Amino acid sequence: MLMVTAFGTVSGQILIKGHLISADEKAAMPGVNVSVKGTALGTITASDGSFSISVRKKEDILVFSFIGYTTQEVTAGDKTMFEIRMEPLVNELESVVVMGYSNKKRNEITAAVTTVTSDKLMDVTSNDIGTMLQGKVAGIQVINGSGSPGSTPDIRIRGSSSFSAPNQGPLYVVDGIIGGNFDPNDIETITVMKDAGATALYGSQANGGVIVVTTKKAKPGKPRFEVKAVTGVRVADHGHVRMMDSKTLYNYHREYFRDPVLFEIDDRKFKEARPASLLDVNTNWLMETFKPALLQNYFISASGQLDKLSYYIGASYYDEEGTFINTGYKKINLRANSTYKFSDKVSLTNNINLSGSKTLSADYMNIYYSYTSMPWDNPYDADGKPRSFKNANGIWSKDKINPIQAANNSELSNTGFSLDYDLDLNIKFTDWLSFSSTNRLSASSYMDKQYYSATADNLSYFGSGFVSSRNDVSYSGITTDLLMFRFVKGVHSVNGLAGFEASGENSDYIRGSGTGIPEGLKVPTVASGQYSIEGAPVSSVMQSFISQVNYSINNKYFFSGSFRVDQSSSFAPNKRIAMFPSLSAAWNISSEDFMNPVKTVSNLRLRLSWGKTGMKDIGPYKYMEQFRYATQYNGLPAAIPYQMANPDLTWEQTDQLNAGVELGLLQRINLDFNVYKNITKNLLVYRDLPPSGGFRKQWQNVGNSENTGVELSISTTNIKSTNFTWTTDFTIGFNKNRLSGFGSDTIQNANAYGIVQIYHNGGTLYSWYAKEYYGIDPANGSMLWVGADGTPTHDYQAARKIEYGSPMPKYQGGFATEFKYKGLSLRANFSFVSGNKIYNYFRRYVDHDLQDVGFNVMMPQSNWKIWQQPGDVANHPLPQNAVNSYDPSTRFIEDGSYVKIRNITLSYGLPSSVVTKLKLTGLTISLGADNLYTFTNFWGQDPEVSINPANGLPGYAEFKYPNNRQYVCTINVRF
């Protein structure tokens, strides 16, 4: 309690004295900061909690602040005495963490769990939370594999464990129910669950970890409103890629005419083949096809309570123009959450989320030609309009494609709509027994269209045109019904849950396409040739038994066990059931009596967990024999064998072991350290089969994958005073992968260009396997490889193959720091990755040693040197001796390590005195820059390369829609 007496004015000042005690009135409060808001006046309380301070006028505001206590503000006014309790802040260990099926206090958690609040997420402007999480949670790798509008990143928690499964990312749980859609503006908190102590309760869906999303709800008090407007500009980030201009490329082409015997350039032949008139045109294709683009995001919300009803409504509009011409993404989202309390024992929650989106995508080949097209070609005609290269003369670019004309005469669009409706019923039967039923119905529809005009420059459809339309419709439902109990007797507490969960999904699609398209018409019904129609329904169901028991003693010792049984239609009848147990424990050492003298330690906990999770998401019918009806026999439909049956196909299962320690010091430092070992068995592999068997493919269970690693998170409050605060957050995670259980089997996975990844005992996931590049022969500038005996050879075919790293990093993490002075704050976020190897096949096309003279060339690194005469120590060959220089080899495998300035944000919140006069509760203005700069030696577009097998070989870099830098201004008004 604070007792303050005004003793009068001295020289125009008011002298105020007082005394501070704790909220429980048991102790005086020495060392409390006492200041006059908006001035430099200040003091601290004495050992007995007393203080004295002078203010200038009765409108001055006194501020009382102390670490671990709620900051209090009191207006001097005319009063002679004030009574204010110095309330302690809610202990972080007492804060509630949403765990999906249940909520727990942080000091009760026995698993590796990280919570990120919305204020730390929203410093980055994005329509996807993966981008927002980058670098903020130890053990999470977030890869923005594409900058295409509306694209989503790859997310891996504690590494990858499977190499054929299309979905290795985390399971999303929205408001306690598996799956669901949401808008980032509606997020209250994100909980990342990383070990089986937390995730085993989700069984076969949790191999990639679990991300629990809690959306905003009404808070006690008067109705609250929020309006936020974000606008800014995006520019393409081409990394180190700078393509040669006309003059630079012209001079570089002289090397193509260097005599391989005399080593002299034949200028006569060069000028005959490359006339000087080429320099009259200097097209910067990247500037012509990539333009600054507008970004807009508008959000409004309202929340409040009306007697027994609480509500939250949020609506947002997101508009992201693409930096590549004629691309973009728009989305509108509406969420309404409401809870009605019939009584203290019964409540009903209704949540609904509606969203609609439209995406305009870029054709991969148009991105490709934007980099490779020659600067000697003019993309425009005499009227300044994009012209076709296909029938034009004097075109130097290979394939004669003008990507600007092609983009203007084609369209790749996707229009989507989704609906989620949640109905939750909660009944409290007694003080110790309650029932919860959470249910969701979901429906979605997407229309995907492709259109190429007959006049569009295109390798396949020039002269004929092409159109296709595909409509996907899906609907699903899930219900989770749980009985929950809680007993407390003395120092003992037991709680838990048991129940049933069932889910099902049905989807269907139909697609029609054809060629021979009349100009100006874009629907399949006008096609006059090469008709194609396809479609098929897909359905799957799963049912589960769920149980968990938690036991604690004296709020110091915590034990938890869970058991889940899943039954899925994705596998054969004899393999449909899998069991997922877990055991975990925690010890709150800081709650022990012997820790009372240790005042510097505010928290010390040990955790240990073990459990099983699984993975089934390879799609339905994969265990069955499959045929394709793609031909005829004697005029009748005929099927071609495609996928061989495997009735023994079963679940991937991961045994997870985790040990962790949490340490809090001086109410300023929080440390979380974890060690883990995850072993995934029965890896699901989609294997090629020998042609002699008739079938091309088969799903098999082959081998094991082991991930071991350590994670560290450190949060510190470096400085905390009345007006100034400096905090930092640091995360880092180390992971090592090892394969086993393959026996003598070796699996090679190759793409269409002969680039190979290999899997075997003792190897790692996604390990590159390529011919070993040695260097450039100083004698004649030819290519050298390493032969089978380890000595250099000029024969590419005789070169030995070696394993040469993996795209999985050795460690990754992030760093954030924030400075706050009064209402002004500056925050910066960094992310980093190290030890990964990227196959940079992008260089095959734009660093081609003049083996593809119809392609432009990227500007070289400062240490690159082309061979010109005997004795040269070079890393690029003489063009005439560059045979096989761009064929697959370790030459193009590069270090993908980087440090990225993820975000810098400067924000200012108006003082409360100004906000009050405006009849608001808060007004914040901020300026931010995202994806500002990447420090890397990787010589390509971006070292952030997709590691999702569904997108091709993980870690394979070619031409991608580049990531973008964005600069935004945000205004947030609350009232």
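How many aromatic pairs does a search of the whole structure find? The search turns up 51, counting rings of Phe, Tyr and Trp (its six-membered ring) whose centres lie within 6.5 Å. This is a predicted model, where local features need pLDDT of at least 70, side-chain atom pairs count only at pLDDT 80 or more, and totals for chains, interfaces and linings use all residues. Residues are numbered from 1 along each chain as its sequence is written, and side-chain values use heavy atoms, with hydrogens and water left out.

Take Tyr 368 and Phe 855: their ring centres sit 5.9 Å apart with the planes at 90 degrees, so this pair is edge-to-face (planes over 60 degrees apart; under 30 is stacked, the rest tilted). Tyr 368 belongs to helix 7 (residues 364-372), while Phe 855 is in the loop between helix 9 (842-846) and strand 49 (893-895), 487 residues apart. Helices (H or I, at least four residues) and strands (E, at least two) are DSSP runs, numbered from the N terminus. Tyr 368 has a relative accessible area of 7%, so it's buried (under 20%; exposed is over 50%, partly exposed in between, with a 1.4 Å probe and protein chains only). Phe 855 is buried too, at 2%.

Now for Tyr 686 and Trp 699, a stacked pair at 4.8 Å centre to centre and 25 degrees between the planes. Tyr 686 is in strand 35 (residues 684-688) and Trp 699 in strand 36 (residues 697-701). Tyr 686 is partly exposed at 26%, whereas Trp 699 is buried at 5%.

Charges meet rings as well. Arg 844 lies over the face of Tyr 886, 3.8 Å from the ring centre (CZ of Arg or NZ of Lys within 6 Å of the centre and within 35 degrees of the ring normal). Lys 771 lies over the face of Tyr 796, at 5.2 Å.
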